[in-house]
Amino acid sequence: MSAFVVISSRGEQRVRSGHPWVYRADVVDVRAAAGEVVQVFGPRRRLVGSALFSDRSQIPIRMLTRGEVAADAPLLRARLERAIRFRELLGLDATAYRLVHGEADLLPSLIVDRYGEYLVVQALSQGMDRLLPSMTAMLVELLRPAGVLARNDPKVRTLEGLEQRVDVLHGAVPESVDVREGPVEYEVDLRRGQKTGLFLDQRENREAAARYARGRLLDCFSYHGGFALRLARQCPEVEAIEISAEAVARIQANAARNGVPHVQAREANVFDELRRLDKAGARYDTIVLDPPAFAKNKAAVPNALGGYKEINLRAMRLLAPGGCLVTCSCSYNVNEEIFAAVLHEASADSHTPVTILEKRMQGRDHPVLVGVPETYYLKCFILRRVE
Ligand SMILES: C[S@@+](CC[C@H](N)C(=O)[O-])C[C@H]1O[C@@H](n2cnc3c(N)ncnc32)[C@H](O)[C@@H]1O
C-alpha cells in the first residue's frame, strides 16, 4: 500500500474548508517516510486527498489534491504551466517577477522567481525539497532558462529538518544579473541578496507611490533603493536609510547606474535616525517605511506593534502638511486590521490627521489564496497628512 496519513475530524474539516495545511496536533497515524507524497484519510478512513508529508514540521500535511485526483507529474506540470501563463497575462513591465507563489499557485512551499534569463527556486518543505529535481526539470523544459539557482537558505527550512544551502541546479548562474523594473535597472546578486535577490513583492506599490511622491523624499529601510530609485524622477531630494553597509553600497551603485545621483544613501538605524530628524525639526514631503517583518511569530507581536507605532508616529510628525506616507508591514502575524489600528494610534498620538489614499498589498504576481490568510502577508497603506 502507498504511504498514507490519517488525520482527525478537525483536520479534515480544515481541509474541506479550503485550507491546504493540517497541523501536527491533527495527525492521528502516519505510515510514510519524510518528504513522501501521501494519501490523506479522515478518521472514518474516507480519502481526503493527496499531500506532501513532513515528519519534522508543525505542518506535516500540505494538500496537493482533493479526493481521488492523483498528485502526479502531469498535475504538477499543469500547475507550473498555469502559474507561468498567469504571469504572462499580467503583462508586467519588468524582467524580474515571481512565477510561482507556493500555496497560492497550488504548489505548496515552492517559490520560483524569474530574474531575466535565470530562475531562482526555493523548496520550503521536506516534500517540495524531494520534488525539486523534477520540478526543476519541468521548469527547464517549459522556460529554457540559462541557469537555475536554488536559494534554499531561508531559516524556515531548519523547521523542516532541511539544510540551508545554495546550489546551481541547471546551467550557469553569474555572480550578478541585470534586471529592469519599470524604468529602474538593477544589478542583482542572486546568491547573497535578501529573499531571492530583490523585494519583488513591492513592485506595484512602488508604482503606486509614484502617483503621489514629490518634493523631499525619505526612504526608510531602503535595501537596494527600490522606492528611492523609482521615486527619484519626481523627487529632487532623496535620502535613503539602510542598516546594511553592503546594501547602502548597492543603492549608491544603482543610483549612478540609473542616472539619479541625487539619491543619497546612508548607513543608519531607522529608529535612531527618525528620532534625530524629529528633534532637529526636519520636514519631508514623502516618506516610505518598509521595515523587515518585526513579528516573525505570534509571541513577537506585542513588541512588533510597539516598533510599528514608533516609526509611524515619528514619520507622521516629520511629514509636511499635504505630504504622503507610504507605510508597509510584511509581518503575516500583524494583519491588515491590526496594522490599521496601529496607524490610527500613531496618528492620534502625534496629533497628525491623515487620510488613506490607497490600501494595498503584495504585487499580483504574489497572489493571495482566499481562505488561506497566510498567503496575505504584505500590507501597504498610502496616507496623506491633511495639515
Ligand atoms: C523589507 S526590506 C526593504 C525593501 C526595500 N524597501 C525595497 O523596496 O527593496 C527591509 C530592509 O530594512 C533593513 N533594516 C532592518 N532593520 C533596520 C533598521 N533598524 N534600520 C535600517 N534598516 C534596517 C534590512 O537590511 C532590509 O534591507
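Is the crossing of H8 and H9 left-handed or right-handed? Left-handed, and point 3 has the rest of that pair.

1. Ground rules. Bear in mind that this is a predicted model, where local features need pLDDT of at least 70, side-chain atom pairs count only at pLDDT 80 or more, and totals for chains, interfaces and linings use all residues. Residue numbers start from 1 along each chain as its sequence is written. Helices (H or I, at least four residues) and strands (E, at least two) are DSSP runs numbered from the N terminus.

2. The ligand. Its shell has 21 residues, with Phe221, Tyr223, Gly226, Ile243 and Asp290 the closest; a residue is near the molecule if its C-beta atom, placed from the backbone, lies within 6 Å of it. Helix H6 (226-231), strand E15 (237-242) and helix H8 (270-279) each put at least two residues into that shell. Sorted by class, 12 are nonpolar, seven polar and two charged. Here Ala, Val, Leu, Ile, Met, Phe, Trp, Tyr, Cys and Pro count as nonpolar, Asp, Glu, Lys and Arg as charged, and the others, Gly among them, as polar.

3. H8 against H9. H8 also packs on helix H9 (residues 301-318): the axes come within 10 Å and cross at roughly 30°. Axes are lines fitted to C-alpha atoms, for helices over the stretch in contact, with angles from 0 to 180 degrees between N-to-C directions. On the H8 side, the contact includes Val270, Phe271 and Leu274, and on the H9 side Glu310, Ile311 and Arg314 are among the partners. Contact here takes C-beta atoms, placed from the backbone, within 7 Å. The contact residues split into seven nonpolar, no polar and five charged.

4. H9 against H10. H9 packs on helix H10 (residues 336-349) too, at about 45° with the axes 8 Å apart. That makes H9 oblique to H10, and their crossing is right-handed. Leu305, Tyr308 and Met316 are among the H9 residues involved, meeting H10 residues that include Phe339, Val342 and Leu343. The class count is eight nonpolar, two polar and three charged.

5. H2 against H3. Helix H2 (residues 73-90) and helix H3 (residues 126-143) have axes that come within 10 Å and cross at roughly 50°. That makes H2 oblique to H3. Their crossing is right-handed. Nine of the contact residues are nonpolar, one is polar and two are charged.

6. The end of H2. Just after H2, glycine 91 takes a positive phi of about 55°.

Conventions: Parallel < 35°, antiparallel > 145°, perpendicular 65-115°, else oblique. Left-handed = near helix turned anticlockwise from the far one by under 90°. Contact = placed C-beta atoms within 7 Å.
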